[in-house]
Every structure is written in C-alpha cells, then in structure tokens.
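Trainee: Could you pick one part of this model and go through it closely with me? After that, I'd like to hear about some other spots in the chain.

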Amino acid sequence: MDMNKTEIITEVSRMTSVSVADCEKVLDAFEEVLGEELNRKGWKNGIFDVIFKIMSKIKSKKRVIGIYFFLFMLSVNVWGQKEGRVLTQSVRGRVIDAASGYPVAYVSVYLMGKTEIGGVTDSLGRFVIKNVPIGRHDIQVSFVGYEPTIFREILVTSSKEVYLTIPLKESIKELDEVMVRPQLNKEQPLNKMVTTGARMLSVEEASRYAGGMDDPARLVSSFAGISPSMSTNGISIHGNAPHLLQWKLEDVEIPNPNHFADLSILGGGILSGLSSLVLGNSDFFTGAFPAEYDNAVSGVFDMKLRNGNNQKIENTFQIGLLGIDFASEGPLTRKHNSSYIFNYRYSTTGLLGDIGAVDIDGTLDYQDLNFKLSLPTRKAGVFSIWGTALIDKSKGDFEENTDKWESIGDMMKSSTKQYMGAGGISHRYFFNNETQLKTTLAVTYFKHEGTMTSYDWNLNSAPFLDLNRSNTNLIFTTAITRKFSAKFTNKTGITYTKMYYDMDMDLAPHQMHPMELISQGKGNTDLISGYTSSSIGISEQVTLNVGVNAQVLTLNNSWALEPRAGIKWQFSPKSSFALAYGLHSRMEKMDVYFVKTQGTGDRSVNKDLGFTRAHHVMLSYGFKISDNMNMKIEPYFQQLYDVPVIADSSYSVLNRRDFYVENVLVNRGKGRNIGVDITLERYLNKGLYYMMTASIFDSKYYGGDRKWRNTLYNRNFIVNVLGGKEWMVGRDKQNMFSVNFKITLQGGDRYAPVDEVATLLDPDREVQYDETKAFSKQFSPMFITNFSVGYKINRKKVSHEFSIKSLNTTGCEEYYGHEYNFKTDKIKPIRGATSLPNVSYKLEF
C-alpha cells in the first residue's frame with residue numbers, strides 16, 4: 001500500500017471529520033520525529049517514544065486525530081511489506097500433572113497431522129515448538145503412563161507467541177493395555193474434581209462467539225441453562241437471581257467485577273471490567289460444585305489471570321466504540337523467568353468527554369485495569385502479585401422544557417460513581433512432585449456514591465437521594481493438594497474473610513419533600529470456612545469425587561456442614577454417565593445484616609439471619625458423536641430452604657433486584673428449580689463450529705405469605721443456536737476472515753400486575769404493584785440475535801484486526817417496569833431495546 005502525504009491527510013480527515021488544515025498540522029508533528037526516532041530504534045522499540053513526543057506537540061483536543069494518524073501510518077508501513085513469505089510463530093508452554101500441578105518432563109508435544117513440527121518438555125516441563133504456520137492447529141500431548149490429550153482450536157498469529165499450560169491426567173491402566181482415547185481440552189473443566197455441571201471457558205471463545213463482546217460474563221449466556229439479557233450482563237442460572245452467583249478471581253471471592261454493577265439489577269452490570277486480553281481459561285459452574293467452593297447457592301465463576309510472556313515483550317492496542325485498550329506483557333528478568341502482564345481500558349465516551357469533544361452528561365465514563373506479576377524463585381516457590389480495578393462515572397440530566405415532561409424520570413437529575421478493586425499476593429510451593437501448597441493474601445473493595453435531585457413544574461429543585469456505601473474484605477486462603485497415587489488425590493484448605501461494611505442512604509418519600517433515612521448500617525464480621533475434597537479412581541471407568549465443606553459466620557454463629565459427592569462412569573469410549581449431589585449455603589450481603597431504618601432505630605433487626613441453603617442434584621449423560629462433535633444432557637433439581645423473606649409478604653431474596661434492604665427478614669422461605677439442559681456442540685474444525693443448547697425449566701419460590709409463585713427469572717425455556725465460519729485468505733492464506741452469529745429464543749420477562757387505584761392515590765404517581773400476584777404476568781417470548789464479522793491481517797511480527805460486533809441486532813425489547821404518563825393520564829409498561837454495536841481495530845505487535 002503506497003500513499004503520499006496528501007492522500008494520507010485526506011483519508012484521516014475523512015475518518016475523523018476534522019478539517020484538512022488541522023490534519024496537516026498534526027501530520028507535521030509526526031514528520032518531526034518519525035524518521036529519526038524510528039530509524040534509530042526501529043518500529044517496535046521506538047513506538048512509545050514516538051507517541052509521547054508527538055502527543056507533547058499536539059493540542060489536547062487534536063490528540064485523537066494524532067492517534068488515528070499514528071495507527072494509519074503504522075498500517076501503511078506494515079502493509080507495504082512484501083508478501084510471499086510464509087509466516088510462522090512459536091508455541092510455548094508447560095506440561096503439568098493434572099492432580100498435583102507438578103511439571104512433567106520429557107513429554108512429546110506436536111501438531112496433529114504434522115508430527116515433524118513438535119518438541120519435548122525439559123526437566124521443568126517446558127516446551128517450545130518453533131516455526132508453527134499461522135492459522136488454527138490442534139496440539140497433541142502424549143507420555144507413557146499418562147492419558148494423551150488434544151488441545152483444540154489453538155489460534156497461531158504472527159504477532160504473539162502462544163503459551164499453553166497443559167494438564168495431563170495419569171492413567172490408571174496397566175502398560176500392556178490398549179491406550180485410551182485422547183482427552184479433549186474442550187470436554188473437561190480445569191478443576192479435575194468436578195463431576196458435572198461445569199464448563200471450561202476459553203478466552204478465545206469470548207473473542208469469537210457472537211454476543212460475547214470480549215466479555216466473559218456475556219459469553220456464558222451461550223451455555224445451557226443461562227438466561228441472557230441485553231441491557232445487563234447479569235447471569236441468571238436455572239432461574240436463580242444474578243446476585244446469587246459467586247465471582248472468584250485467583251481463588252478469592254471478589255465483588256461484582258462489572259461496570260456500573262448493581263444499578264439496573266443486583267448482580268448485573270453493562271460489561272465486564274476483566275479484559276479478555278489478560279484473563280486465562282476459567283471454569284463456570286452451574287450446580288453441585290466441588291467442596292472447595294463455599295458461600296454460593298446458584299453458581300460459581302472461577303476466573304484466572306494468565307501469566308505474561310517471560311521471553312519477549314508483546315503489546316496490544318485496541319480502539320473501538322466501547323473503549324480504548326492497551327495491553328502489554330513480557331519478561332521482568334529473563335534470567336529468573338519472571339514476567340508481567342497488564343491491561344488498561346478507558347471508555348471512548350469518557351475520553352471524548354475529557355477532551356471536550358462531547359458533553360459527558362448522559363454518557364458512560366469508565367476505566368479498568370488488570371495486572372499480574374509472576375515471580376518464580378529457585379527454592380522458595382512461585383510468587384505472584386495480581387489485581388483488578390475499575391472506576392465508573394455516570395450523569396443523567398433532567399429535561400429542562402416542562403412541556404416535554406411525560407413521567408417522573410424527566411424531572412430527575414442524577415450522578416453516580418462506583419469504585420471496585422481486588423488485589424493480592426499468592427504463593428505456590430511444591431514440596432515434591434506430589435504435593436503443593438498455595439496461599440493467597442488479598443483485599444477487595446467496593447464503593448458506591450450516588451445523588452439524585454428532583455424538580456417541580458416551576459423548576460425548583462430539592463435533593464431526592466443521597467447514597468454512600470462501601471465494603472472492604474481482607475482474605476486469607478490456603479490449600480494443600482496431595483497426589484497419593486494415580487487413583488487418589490486430595491485437596492484440603494481453609495479461608496478466613498474479615499468483612500467491613502458502611503452504608504448511609506437517605507431518600508425523599510415524595511418529590512420536593514425532605515429526605516428521610518431509608519437504610520443505614522456499619523459493622524464488621526468474619527466468615528471462616530474449611531474443606532477437604534478427594535478424587536478416587538475406583539476403576540478404569542469409574543471416578544468418585546467426595547468432600548465436605550464447613551463454614552461459620554461469627555456475627556451470629558450461623559454454621560453449615562455441607563457434604564458433596566459425585567460419581568462418573570465412562571462405560572464406553574463414547575459414552576459417560578455422571579451423578580453429583582451437594583448441600584450449599586450462602587450468607588446474605590452485608591447490607592442485610594446491618595440495616596437500620598427509621599422504624600428499627602439503632603437495632604440491627606437482621607443480625608441473627610441465617611444462611612440460605614440449597615440441595616443440588618445433577619445427572620449428566622455425555623455422548624461423543626464424532627471426534628469433533630459432542631452431546632450432553634443434564635437434568636437437575638435444586639431445593640432451596642431457609643431463604644430470607646418478609647413475613648406475610650410475597651417478598652423473597654430469591655427475586656432481589658435492589659442494592660439495598662429496608663425490611664425485617666426471616667428464614668422461612670423456600671425455592672425450587674427443576675429442569676434439563678441439552679447441548680450439542682461441534683468443535684471448531686476446518687474453520688466451522690456451531691453449538692445448539694436448549695433448557696426447559698421451572699423456577700418457583702415460597703414467600704413469607706406461605707404461597708408458591710413463579711420467580712422473577714422463571715422464563716421456562718431458553719434455546720440458543722450459535723456458530724461461525726473462518727476462512728484463511730490472502731495470497732499466502734495467512735489472513736483470516738470470520739463470521740459468527742447467535743440466535744436466542746427465550747421466555748419473556750415476568751412482572752406483577754399494576755395496582756391502578758394505589759398508583760393514582762400516590763402524590764408522585766409512582767407506580768404501585770399488586771404484590772399478592774407477584775410475577776404472575778409474563779410478556780411474549782424474546783427473540784434475540786447477535787453477530788460479529790472480523791478480518792485479521794498477519795504480517796511479520798505484527799497483526800491487525802478489524803471487527804464489527806452487534807448485540808441484539810433485531811432490537812428485541814426488555815421490560816424495565818411501569819410508569820405513569822402525565823400527558824395521557826395512563827400507566828404503561830416501560831419497554832426498550834438495548835442494542836450494543838462495537839466497531840473496533842486491534843493492533844498486536
């Protein structure tokens with residue numbers, strides 16, 4: 001691609017809608033430093049100096065133009081390279097024992113179908129496969145005494161080395177017997193003590209699946225039993241509320257890691273603050289999870305941050321409608337194999353607001369940061385320092401023209417700020433090749449500040465809401481894993497969490513009235529838990545997983561002793577059965593225990609509230625249709641009891657949506673979820689993949705008024721069809737064009753009938769509902785479509801990716817409540833279509 005200066009200026013002027021004269025001034029700044037700096041250091045090493053020198057010469061409001069120039073000229077330079085050369089990349093990694101985590105030496109690692117491209121692990125389990133052609137590859141790993149494993153769908157690009165951590169399961173077969181079929185990494189979760197109800201989530205899938213939006217929380221909505229939402233990424237599993245899901249990062253429970261969490265619905269947000277650029281493969285549990293997981297009754301999202309490349313520096317820059325990302329990874333010191341990785345993102349709307357290009361009112365301003373340092377030592381084990389943090393800001397202005405007022409929302413002005421952070425130090429130590437100890441010391445933090453101001457018809461204003469709440473947790477967790485033999489592995493650990501809570505919320509009972517105390521609380525308490533979990537190979541075909549978890553809340557000495565058990569029978573090379581049971585319990589959020597209102601005075605009325613408890617039973621049948629296609633059928637039953645409810649009311653925490661509680665609760669409620677999940681999946685092969693899931697379920701709850709009702713999230717059915725196709729294109733077939741889609745059909749939103757008489761009697765016409773008929777109404781089924789189109793260009797040591805992603809392309813509407821219209825004097829449902837498009841460009845170098 002050969003362009004002169006005039007053509008470059010014209011093209012950037014078109015992309016940025018900035019005058020040619022202004023673009024010419026910015027390009028002059030480039031010319032002052034481009035030639036000398038890049039000739040002296042080269043494109044890769046001089047890139048940051050060039051950016052900083054250019055940006056210092058450009059006025060702040062024109063820096064966005066500068067970024068476009070830089071990316072455009074870099075692309076011109078790279079695309080101008082001669083084609084015709086076959087591009088290759090290195091694949092590196094480690095092979096470890098799946099049970100103990102200890103490295104396995106002298107293992108054969110090679111590309112399937114190309115045994116001449118491969119390698120053997122060294123004494124530390126490390127391997128390097130050089131000169132791997134660009135494209136998709138399956139990698140096979142085999143070693144005497146271990147079951148062979150195939151890693152599917154490994155994407156090799158020109159810009160970044162691929163790093164794999166490959167766990168091998170020791171075989172319990174005799175050496176003279178026939179070798180078992182290779183295990184696929186797609187078929188098994190990372191946690192080897194899982195029997196059923198779990199799925200390994202790959203970061204590559206989060207980037208590829210339509211509707212994933214590079215967001216792991218949205219990606220899991222493609223899995224069976226998960227109800228997707230357009231406006232939020234709250235995860236409802238089998239009819240359970242999103243806030244009942246536990247989020248874990250690096251073995252530590254963390255606050256909801258989503259931007260603008262808990263605002264529209266408790267447990268939800270807009271998109272995840274955890275970037276797929278730094279996340280490693282993770283596990284997602286939907287029921288009957290192993291004994292090591294405590295304080296959860298719905299599901300667990302167990303996420304890991306990956307280690308950075310400890311041999312070479314690799315960078316990623318991404319710009320799109322949703323945000324601007326920069327990620328980097330590389331060695332701290334090659335001598336000790338230490339590494340770093342981090343990612344920083346700033347919302348595009350927030351950046352444009354900072355430079356004055358847009359009015360920040362009514363827009364979303366968010367930032368997030370994720371990082372991990374890996375610090376191996378010779379004799380003291382491996383230390384890691386990790387963290388995640390986000391900042392959210394949002395403003396909503398009121399309508400100044402009173403002639404346009406239709407509802408109470410037009411009369412409100414709001415401002416919201418949220419902060420979330422989690423970080424820690426972890427240490428992993430191997431006593432020998434059979435025993436490891438992992439210990440983590442961490443802190444988590446969440447803070448929410450919010451204000452609202454109301455206006456009357458004369459544009460007089462009065463404070464309507466003033467909110468401040470924060471949570472801080474100090475966490476210590478340690479676990480020892482011991483592999484006694486190929487047939488028996490045990491993991492035992494304890495966790496201590498010190499929790500601090502502070503909340504003060506004032507709310508006006510009606511517009512233009514003085515605010516009153518709604519919820520207030522301050523205190524601290526401890527949650528202590530311990531577990532032991534074992535995996536036992538009864539025979540070649542049968543594996544038994546058993547364990548027990550115990551936890552106690554020192555605030556009121558509530559305690560739980562929870563047995564967990566599961567058995568898996570591989571009765572043929574293609575078929576398997578699994579059955580799992582678990583008793584699970586969960587404490588309420590801190591705002592429930594320490595709530596004080598005007599009615600309760602100084603007394604914490606919910607201080608003695610006990611755990612919500614649940615029996616989980618899940619059966620699983622898996623059938624391998626072919627090497628690339630698998631089917632799974634999972635019936636399940638969940639019985640909840642001791643659920644907090646309001647006496648003589650339909651209220652239950654199983655339907656909780658708000659981030660605050662102002663009522664006295666008692667452990668008298670129940671819940672019941674029953675259904676079946678079906679998954680048919682074709683793994684990516686020859687550029688094609690697809691997955692079809694169907695869930696039929698019924699979700700009921702028993703309130704404080706002793707009546708069974710549908711839960712808020714009882715959609716009754718969910719059907720997903722997703723798939724995609726990749727083509728290697730270009731002269732040397734080294735570029736990739738991809739198309740992906742997802743179609744969802746699910747039951748409609750549930751709601752309670754409106755109490756029109758009570759609404760008309762309310763001074764503000766705030767809509768009142770008939771709670772005696774809670775969630776008895778349901779809208780028609782929802783039809784949701786998502787798609788993505790991407791084009792990746794591989795060049796020597798650099799790759800470019802252009803993508804268009806769309807969420808809810810067909811504009812399916814969601815229900816947000818009812819409102820009274822001042823002009824029509826009628827009450828109507830609020831329904832809206834949240835369609836989220838993202839056009840982005842990614843540069844990897």
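Predicted model: local features only at pLDDT ≥ 70, side-chain atom pairs only at ≥ 80, totals over all residues.

Mentor: One of the partners you can look up is Gly 817, whose bridge partner in E41 is Ile 830. Four residues sit between E40 and E41, and together the two strands form a hairpin. Within the turn, have a look at Asp 825, with its positive phi of about 60 degrees. As for cover, E40 is mostly tucked away, with six of its eight residues buried.

Now for the other spots, starting with the chain as a whole. It has nine helices and 42 strands, and 54% of its 845 residues count as buried. Take the contacts between residues at least 6 apart in sequence: 65% of them join residues at least 24 apart. The accessible surface comes to about 35600 Å², and carbon and sulfur atoms account for 56% of that.

For pairing in the other sense, go to strand E1 (residues 88–97), which runs parallel to E7 over seven bridges. Asp 97 has Leu 168 of E7 opposite it. These strands belong to an open three-stranded sheet with mixed pairing, in the order E4-E1-E7. Strand E4 (126–133) and strand E7 (162–168) are the edges, and each has a single partner strand, so one side of each is left without a neighbour in the sheet. From one strand to the next, the twist averages 25 degrees.

Next, the packing. The largest nonpolar core holds 41 residues, and those touching the most other members are Leu 553, Met 587, Tyr 593 and Leu 665. Several elements supply at least two residues each, among them strand E23 (461–485), strand E25 (516–537) and helix H8 (590–593). Strand E24 gives the most, five residues. Zoom in on Met 587 and, beyond four places in sequence, you'll find it touching Asn 295, Met 499, Leu 527, Leu 553, Tyr 593 and Phe 611. There's also a second, separate core of 32 residues, including Leu 245, Phe 284, Trp 386 and Ala 422.

Arg 586 deserves a stop too; its place is in strand E28 (residues 575–586). The cut-off for buried is under 20% relative accessible area, so Arg 586, at 5%, counts as buried. Its side chain reaches the backbone oxygen of His 243 at 3.4 Å. Leaving aside neighbours within four places in sequence, the contacts of Arg 586 include His 243, Leu 244, Asn 295, Gln 551 and Phe 611.

Is Phe 775 buried or exposed? Its relative accessible area is 9%, so it's buried. Not counting residues up to four places away in sequence, Phe 775 touches a set that includes Asn 655, Arg 657, Tyr 701, Leu 712 and Tyr 751. With Asn 655 the sequence separation is 120 residues, while the C-alpha to C-alpha distance is 9.8 Å.

Key
Residues numbered from 1 in each chain as written. Heavy atoms only, no water. Pairing = 2+ DSSP bridges. Axes fitted to C-alpha atoms, helices over the stretch in contact; angles between N-to-C directions. Core = buried A, V, L, I, M, F, W, Y, C linked by side-chain atoms within 4.5 Å. Buried < 20%, exposed > 50% of the residue type's maximum accessible area, 1.4 Å probe, protein only. Contact = heavy atoms within 4.5 Å. Areas by Shrake-Rupley, 256 points an atom, 1.4 Å probe, with all protein chains shown as cover. Polar contact = N/O pair within 3.5 Å; in protein donor to acceptor, adjacent residues only side chain to side chain.
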